[in-house]
Amino acid sequence: MFAVVEKFVSINGEGIRAGELAVFIRFRKCNLNCSYCDTKWANTESAEAEMMSAEDIARYIAETGVKNVTLTGGEPLLQENIYDLIEILIKQGNSVEIETNGSISIAKLSQKPCRPIFTLDYKLPDSNMEKNMLADNYSYINENDAVKFVAGSKSDLEKALQIINEYDLTKKCHVYISPVFNRINPVEIVDFMSENKLNDVRLQLQLHKFIWNPDERGV
């Protein structure tokens with residue numbers, strides 16, 4: 001059984017399918033505590049949740065008629081038997097993306113026959129969680145995956161540049177830099193990208209925070 005704190009249809013606000021409709025399944029519990037986290041309410045064991053089986057979730061998704069599925073949290077890779085759910089959803093005809101915080105290995109899951117799309121965060125210094133990042137994950141990503149940097153300062157941007165170059169990320173996957181909402185002006189990111197000739201890196205704004213109230217749930 002899976003502890004689901006939210007399930008809804010909206011547009012993908014970020015990632016490789018930004019702007020496309022998706023069904024979101026948000027799971028309870030996270031192993032990190034990022035300074036800018038906008039879903040802290042979902043991260044604890046005590047967060048209110050609906051207990052759903054993989055079949056329950058698959059049935060709900062099928063009823064929406066939407067093919068893109070985003071598994072998020074919390075931290076979805078903390079969910080036991082997550083592959084059982086992924087396999088059911090992919091065999092059902094869905095495209096499945098996992099938004100993961102970058103601290104848990106994707107090695108085994110990336111080798112499975114029903115492989116999801118991985119959107120991996122790299123937690124930059126301002127998050128206070130950088131020490132938890134698992135760089136070994138970059139050995140298992142491919143051209144369908146993404147690494148996302150959420151930057152709140154110039155020093156964050158400089159660290160993102162270092163990681164992009166050190167692991168040659170633009171040759172492996174999609175790479176995005178997003179601003180911490182209301183903490184850094186997006187133009188600063190554009191200027192930094194220009195100054196450092198960051199080819200094949202995309203600035204990405206969280207679309208849902210511009211369409212709806214930034215604190216609104218279920219969008």
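This is a predicted model: local features need pLDDT of at least 70, side-chain atom pairs count only at pLDDT 80 or more; totals for chains, interfaces and linings use all residues.
Residues are numbered from 1 along each chain as its sequence is written, and side-chain values use heavy atoms, with hydrogens and water left out.

Me: Why is the contact between glutamate 6 and arginine 26 called a salt bridge?
Reply: A salt bridge needs a side-chain nitrogen of Lys or Arg within 4 Å of a carboxyl oxygen of Asp or Glu. In this pair the closest N and O atoms are 2.8 Å apart, so the pair meets the definition. Glutamate 6 sits in strand E1 (residues 2-11) and arginine 26 in strand E2 (residues 21-27), 20 residues apart. Strands here are DSSP runs of at least two residues (E), helices runs of at least four (H or I), numbered from the N terminus.

Me: What makes glutamate 6 buried?
Reply: Buried means under 20% relative accessible area, exposed over 50%, partly exposed in between (1.4 Å probe, protein chains only). Glutamate 6 has 12%, so it counts as buried. Arginine 26 also has 12%, so arginine 26 is buried.

Me: How do you know that lysine 148 forms a salt bridge with glutamate 14?
Reply: Their closest N and O atoms are 3.4 Å apart. The limit is 4 Å, so the pair qualifies. Lysine 148 lies in strand E7 (residues 146-151), glutamate 14 in the loop between E1 and E2, 134 residues apart. Lysine 148 has a relative accessible area of 8%, so it is buried. Glutamate 14, at 10%, counts as buried.

Me: What makes asparagine 81 exposed?
Reply: Its relative accessible area is 52%, so it is exposed. Asparagine 81 lies in the loop between E4 and H2. Its phi is near 60 degrees, a positive value in a residue other than glycine.

Me: Why is aspartate 200 called exposed?
Reply: Its relative accessibility is 61%, so it counts as exposed. Aspartate 200 lies in the loop between helix H5 (186-195) and strand E9 (201-203). Its phi is positive, about 65 degrees, although it is not a glycine.
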